[in-house]
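Hi everyone, thanks for coming. Let me put the structure up, and then we can walk through it together.

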Amino acid sequence: MGIANDDAIKQFESLMEGVAEPLKRSFVNMHHGYPTETYVRFLKARDWNVEKAHKMLIDCLNWRVQNEIDNILSKPILPTELYRKVRDSQLVGLSGYSNEGLPVIAVGVGHSTYDKASVHYYVQSHIQMNEYRDRVVLPIASQKYGRPINTCLKVLDMTGLKLSALNQVKLLTVISSIDDLNYPEKTDTYYIVNAPYIFSACWKVVKPLLQERTRKKIQVLSGCGKDELLKIMDYASLPHFCKREGSGSSRHSRNGTTDNCFSLDHAFHQELYDYVQEQAALTESTIKPLKQGSFHVSFPEPDPDDTIIAQTIESEFHRLEDQKDQNGLGRSLSKQMSGLDITIN
């Protein structure tokens, strides 16, 4: 790290000394013993502009305090049947670790439907996984490997991506904004696998809109990505949809639930759900029976760049949809015309 960057960190530390006590407490819950690394993440997100990075962190801490994010891991989604529906329609899980100790987060983009519960349950579940990653998964990995591990890898499976995904753009923009503004620079690399034509078409128009820092993090792999991913992780850590060509991100694994990291029955989700239940049992709120109801979090205003990207994706989806309709109409007319007996005198 250069002298200029060291100076930026020192300035950041100095500015943080004057923040209100509730924000300081939440910051401790955020950094888990690694405050400098947290400063660096926010500085990177704002191109090392100390003033902008400081404002971003203060806004993040205010969001955490106002929405009681520090307590979100003691708020289980009840009943369990509802949580299972969330898991079956929001396909995310931990499949293992890279050779360098980074958690490998698998995401079934194409087959996630987000249609079994309200938006608030999906947002709650997403934040809980973020917090569990930061409070439990990353500290354990850091201890195991003897160095700070503050980021993860994500493998995004595009199997099943359809034009109907347009209906999910708004929710995904909310989730993306929450991550960008409150969990910046937590993903080291995004690996895209099983990409259909619709992804390729959208990627072509979205890629130029991304910041160079973000573009460098995204790698589109051939097929299921197995050969490339095995260079950075062992076979056991591969997401189930990468273990053979054409396997896809099916909701039910061939090997039952032990291999499918999206399933509530997978070890990761069992550990996460048990942890939330245990934390709930330790809170005063459990004096009364826990009731069904989502944990409402205020949605941040999306970054203008994120809004432009979302609009571009929507526009491209509409274009592809119109193209599909036109091709369908053309094929229908051609079929009708071929059935006509036309005589030219």
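Let's begin with what covers helix H3, residues 35-45. Its buried residues are covered by, among others, helix H1 (3-16), helix H2 (21-31), helix H4 (50-66), helix H7 (169-182) and helix H9 (212-215). Which residues of H3 are the buried ones? They are Thr-38, Tyr-39, Val-40, Arg-41, Phe-42, Leu-43 and Ala-45. By buried I mean under 20% relative accessible area, with exposed being over 50% and partly exposed in between, using a 1.4 Å probe and the protein chains only. Helices here are DSSP runs of H or I with at least four residues, strands are runs of E with at least two, and both are numbered from the N terminus. Just after H3, Asp-47 has a positive phi of about 50 degrees.

A quick word on where this comes from: it is a predicted model, in which local features need pLDDT of at least 70 and side-chain atom pairs count only at pLDDT 80 or more, while totals for chains, interfaces and linings use all residues. Residues are numbered from 1 along each chain as its sequence is written, and side-chain values use heavy atoms, leaving out hydrogens and water.

Now the wider view. The protein has 12 helices and five strands, and 46% of its 345 residues are buried. Take the contacts (heavy atoms within 4.5 Å) between residues at least 6 apart in sequence: 78% of them join residues at least 24 apart.

On to the sheet. It is an open sheet of five strands in the order E1-E2-E3-E4-E5, with mixed pairing; two strands count as paired if DSSP finds at least two bridges between them. Strand E1 (92-97) and E5 are at the edges with a single partner strand each, so one side of each has no neighbour in the sheet. On average, neighbouring strands are turned by 25 degrees against each other, direction ignored. For such angles, axes are lines fitted to C-alpha atoms, for helices over the stretch in contact, and the angles run from 0 to 180 degrees between N-to-C directions.

Helix H6 packs on this sheet, where it touches E1, strand E2 (103-108) and E3, and its direction makes about 10 degrees with that of E1.

Let's zoom in on strand E4, residues 187-193. Is it largely enclosed or left open? Five of its seven residues are buried, so E4 is largely enclosed by the rest of the structure. Strand E3 (residues 152-157) runs parallel to E4, and six bridges join the two; Leu-156 has Ile-192 in E4 as its bridge partner. E4 also runs parallel to strand E5 (residues 218-220), joined by three bridges. There, Tyr-191 has Gln-219 in E5 as its bridge partner, and Tyr-190 stands opposite Ile-218.

Next, the inside. A nonpolar core, for us, is a set of buried Ala, Val, Leu, Ile, Met, Phe, Trp, Tyr and Cys residues joined through side-chain atoms within 4.5 Å. The largest one has 49 residues, and those with the most contacts inside it include Trp-63, Ile-127, Phe-268 and Leu-272. Helix H6 (residues 119-145) gives the most to this core, with eight residues. Apart from that core lies another, of 20 residues, including Phe-27, Met-30, Ile-58 and Cys-60. As for Leu-272, setting aside neighbours within four places in sequence, its contacts are Tyr-83, Gln-128, Met-129 and Tyr-132.

H6 also holds Asp-134, which is buried, with a relative accessible area of 8%. Leaving out neighbours within four places in sequence, Asp-134 is in contact with His-32, Pro-139, Tyr-183 and Lys-186.

For contrast, look at the loop between helix H10 (226-229) and helix H11 (267-282), where we find Tyr-235. This tyrosine, Tyr-235, is partly exposed at 42% relative accessible area.

Last stop, the cysteines. How many disulfides are there? Counting a pair of cysteine sulfur atoms within 2.5 Å as a disulfide, the total is zero. Cys-261 is in no disulfide, and the nearest cysteine sulfur, that of Cys-242, is 9.4 Å away. Cys-261 is buried, with a relative accessible area of 1%, and Cys-152 is buried at 0%.
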